[in-house]
Amino acid sequence: MMEIILNEFPDLNQNQIDQFFRLEKIYKYWNNQINVISRKDIENIYIRHVLHSLSIAKFINFKKGTIVLDLGTGGGFPGIPLSIIFPDSNFILADSIKKKIIVVNEVVTELGIKNVKTEWSRAEDLSCKYDFLVTRAVAKMSKIIQWSKGNFSKKSFNDIPNGIIALKGGDIRKELVNLREKKIVNIKEFFDIHYFDDKKVVYVPN
């Protein structure tokens, strides 16, 4: 399955390739100690977690110095794959469940990732500033917007304005109906894999 990552991201350097290659073994080890990913998903980690996370990297190329908050990171997705792809950006991986942050810290240390810091915190208690908030199946968009109010950096320097980039699945029309400004992209446009049939990247500018 690692071949899919290499095919989709042919410009990875050797260090990035090594990090992605080692990621599966490290997650399998830590998941046996502290269960943070379902057994079915851990067997398909490169599709259901890594590639899913990297759909954001197909949507936006974070520029050097970009600060990205991964809200409700769980076992480190989408934050860890994105931090490998964008070593010149800075990532804050936050979760309210301590055991998940413990696993993330171990994975980050073992992979030698230098551009990640973690926060054990509830979403509403976070006070850090960031350019983008990324998240995957954490809460309805209205809640995410509420939690992030006032925390975005004033200056935008990426190709799109600062904002929320959420990975969503299923029928999200009702959830997004009141949002005037939004962009929805089917992940199947990036990766022609059955698993992504109903999965989307949803961008809401700040």
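In this predicted model, Ser-53 touches Phe-77, Pro-78, Pro-81, Leu-82 and Leu-167, leaving aside residues up to four places away in sequence. Ser-53 sits in helix α4. With a relative accessible area of 0%, Ser-53 is counted as buried, because that class takes in values under 20%.

Helix α4 also brings us to the pockets. Spanning 45–59, α4 gives at least two residues to the lining of the largest pocket, and strand β5 (163–169) likewise supplies at least two. This pocket has a volume of about 330 Å³. Its lining comprises 20 residues, and those nearest the centre are His-49, His-52, Phe-77, Arg-136 and Ala-137. Sorted by class, the lining of the largest pocket holds seven nonpolar, seven polar and six charged residues.

Next comes the second largest pocket, with a volume of about 170 Å³. It is lined by Ile-145, Ser-148, Lys-149, Phe-152, Ile-164, Leu-179, Glu-181, Val-204, Pro-205 and Asn-206. Helix α7 (141–148) and strand β7 (199–205) are the elements that contribute two or more residues to this lining. Here the classes divide into six nonpolar, two polar and two charged residues.

Methods
Residues numbered from 1 in each chain as written. Predicted model: local features only at pLDDT ≥ 70, side-chain atom pairs only at ≥ 80, totals over all residues. Heavy atoms only, no water. 1 Å grid on protein atoms, 1.4 Å probe; cavity = no way out; pocket = protein on both sides within 12 Å on 5 of 7 lines; lining within 4 Å. Points joined across faces, edges and corners; volume = space filled by probe spheres on them. Helix = DSSP H or I, 4+ residues; strand = E, 2+ residues; numbered from the N terminus. Nonpolar A, V, L, I, M, F, W, Y, C, P; charged D, E, K, R; others polar. Buried < 20%, exposed > 50% of the residue type's maximum accessible area, 1.4 Å probe, protein only. Contact = heavy atoms within 4.5 Å.
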